[in-house]
Each structure stands twice: as structure tokens, then as C-alpha cells.
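Please have the sequence and the structure open while reading.

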Amino acid sequence: MSNNKDVVSSDVARRRAAFDAALTHLQPDLLHFMQRRVRNVDTAADLSQEALLRMLAYRDAPDIACHASLMYRIAWNLLREHWRTQRRHHTSSHVPLDVMEPLLADAASVEDIVDARRALLRLSSQALDALPPKCRKAFALHRADGLTYPEIAAEMGVSVKTVEKHISRALAVCRVAVDPAM
């Protein structure tokens with residue numbers, strides 16, 4: 001009986017020695033693997049240490065076919081846990097809506113937005129279409145394309161004073177279209 005116990009004990013000691021040798025051999029690769037994924041030396045070292053600690057739970061397992069495969073599986077699981085935790089911590093840094101409410105109080109009401117859109121529709125369908133072609137072109141070049149008066153004058157082949165007159169006329173028509181009481 002004692003002989004059988006010695007055989008089991010030597011088998012366990014041999015497996016443990018092989019396991020320890022495999023971990024010693026794989027440790028630098030594990031650290032490099034973690035560093036490539038987390039890009040932080042300290043975090044990579046911590047995750048590598050945790051992976052090795054989790055590997056120790058398998059030290060007496062009789063049927064480990066490949067220590068490297070087991071180690072990388074544990075490492076991937078640790079990385080997933082790490083990334084999930086990072087996302088959870090990141091979401092907790094968001095500003096709550098009740099803090100944002102005073103900032104949103106200055107926003108336009110829905111009614112104001114609807115009125116503004118109606119005014120723009122009136123403006124585009126009535127006022128701008130009613131403008132003479134040169135006046136409409138000068139206004140579009142200024143407001144839509146952002147050209148300056150001298151640039152518009154050069155584009156249209158007219159004087160800057162003429163451009164000023166076209167834009168003034170277009171603005172007056174727009175004011176009336178937006179607020180007919182004017």
C-alpha cells in the first residue's frame with residue numbers, strides 16, 4: 001500500500017514540476033501578450049500575475065494537454081473582464097440628466113421651432129422665388145455660399161454697391177415673409 005502511495009506522490013510531484021516549468025517558460029510570452037492588448041505596462045503586469053494565479057488552480061489537474069492553450073484562454077478571459085470593467089467605470093463618469101437640465105432650460109420650445117420652420121418654408125417658397133434673378137443670386141452667394149460683397153461683385157460682374165442693394169432688398173423681402181406684420 002505504501003508503494004502505491006509513493007507512486008501517486010511521485011506522479012503528482014512530476015506533474016507539478018512540469019507545470020511549474022511550463023509557467024516559468026510561458027511567463028515572458030504572457031506578459032508580452034498582455035502588453036500588446038492593454039498598452040499599459042503596469043496593467044499588463046497585473047493581468048499577467050492574475051492569469052498565473054488562476055493557472056495555479058490547475059496545477060494538480062491530471063490531463064492538461066497544452067499549458068500554453070490553457071494560459072492564453074485564461075488570459076483572454078481576464079482581458080474581457082478588464083475591458084468590461086473599464087467600460088463600466090467609464091459609463092459611471094457620464095453626467096446625469098438632472099445636472100444637465102438647467103443647461104437645457106434655455107433651449108427653444110417646440111412651438112418656437114415649429115414657428116421658425118414655417119417661417120423658413122414661407123421664406124423659401126414665397127419670398128426668395130419672388131426676388132429678381134440677380135438679387136436672388138447675390139443673396140444666395142452671400143448667405144448660402146458665404147462670399148463677401150467684393151467676392152460677389154467679382155462673381156457677378158457688378159459693383160460692390162450693387163451687391164449691397166441686392167442683399168438689402170432680399171433681406172427686406174425676407175423680413176416681410178417671416179413676419180408679415182412688418
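## Aromatic rings

W83 is partly exposed, because its relative accessible area of 32% falls between the limits for buried (under 20%) and exposed (over 50%), found with a 1.4 Å probe on protein chains only. The model is predicted, so local features need pLDDT of at least 70 and side-chain atom pairs pLDDT 80 or more, while totals for chains, interfaces and linings use all residues. Residues are numbered from 1 along each chain as its sequence is written, and side-chain values use heavy atoms, with hydrogens and water left out.

Rings of Phe, Tyr and Trp (its six-membered ring) pair if their centres lie within 6.5 Å, and planes over 60 degrees apart count as edge-to-face, under 30 as stacked and the rest as tilted. The count comes to three aromatic pairs. The rings of F33 and W76 are edge-to-face, because their centres are 5.6 Å apart and their planes stand at 80°. This pair links distant parts of the chain, with F33 in helix 1 (residues 2–38) and W76 in helix 3 (residues 67–91), 43 residues apart. F33 is buried at 6% relative accessibility, whereas W76 is partly exposed at 30%. Ring pairs join F33, Y72, W76 and W83 into a cluster.

## Two packed helices

Helix 6 (residues 133–143) and helix 7 (residues 149–156) pack at about 135°, with axes 10 Å apart; the axes are lines fitted to C-alpha atoms over the stretch in contact, and angles run from 0 to 180 degrees between N-to-C directions.

Notes: Helices (H or I, at least four residues) and strands (E, at least two) are DSSP runs, numbered from the N terminus.
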